[in-house]
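Dear colleague,

Please find the structure for your review below. My notes on it come directly after.

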Amino acid sequence: MSQVLTRRATLAFDHQRILSDGVERARSRLEYSALATAFCPPQFTVADLRNVYEIVWGETLDPRNFHRKVTGVADFLVPTGGHTTKHGGRPAALYRRGTADVLHPPILRSTGG
């Protein structure tokens with residue numbers, strides 16, 4: 001997949017453009033919608049959610065700022081009361097998707113790069 005996105009693979013006709021447009025649409029939708037939670041299990045950590053954003057956006061996000069942003073959006077994430085140690089270290093809180101479809105304020109990508 002990364003070879004196609006970085007244009008190291010050759011696609012027929014205008015398929016590269018179609019794929020690029022679709023990926024950019026997904027990247028943009030992550031900024032203002034709850035789309036990223038669709039790629040997480042029913043219960044997930046903020047680190048799991050951040051991983052989705054980092055993969056789709058192709059950039060590393062600051063964990064503290066990301067946590068502050070996603071937990072600050074009303075009804076985006078709902079704490080389950082559970083915890084996990086699957087990432088090692090101290091137990092991480094588990095969340096599930098909330099009722100928000102539109103994120104306000106949006107979680108914006110960096111503009112540099």
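The model is predicted: local features need pLDDT of at least 70, side-chain atom pairs count only at pLDDT 80 or more, and totals for chains, interfaces and linings use all residues. Residues are numbered from 1 along each chain as its sequence is written, and side-chain values use heavy atoms, with hydrogens and water left out.

Helices (H or I, at least four residues) and strands (E, at least two) are DSSP runs, numbered from the N terminus. The axes of helix 3 and helix 4 come within 10 Å and cross at roughly 100°, which makes helix 3 roughly perpendicular to helix 4 (65 to 115 degrees; axes are lines fitted to C-alpha atoms over the stretch in contact, and angles run from 0 to 180 degrees between N-to-C directions). Val46, Leu49, Arg50 and Tyr53 of helix 3 meet Pro63, Phe66, His67, Val70 and Thr71 of helix 4, where contact means heavy atoms within 4.5 Å.

The largest pocket (an open set of points on a 1 Å grid, where a 1.4 Å probe fits, with protein on both sides within 12 Å along at least five of seven lines; lining residues have an atom within 4 Å of a point) is lined by 15 residues, with Val46, Ala47, His67, Ala92 and Ala93 nearest its centre. Helix 3 (46-57), helix 4 (63-72) and strand 2 each give two or more residues to that lining.

His87 lies in the loop between strand 1 (77-84) and strand 2 (92-97). His87 touches Thr45, Ala47 and Asp48, leaving aside residues up to four places away in sequence.

Kind regards

How values were computed
Angles under 35 degrees count as roughly parallel, over 145 as roughly antiparallel, 65 to 115 as roughly perpendicular and the rest as oblique.
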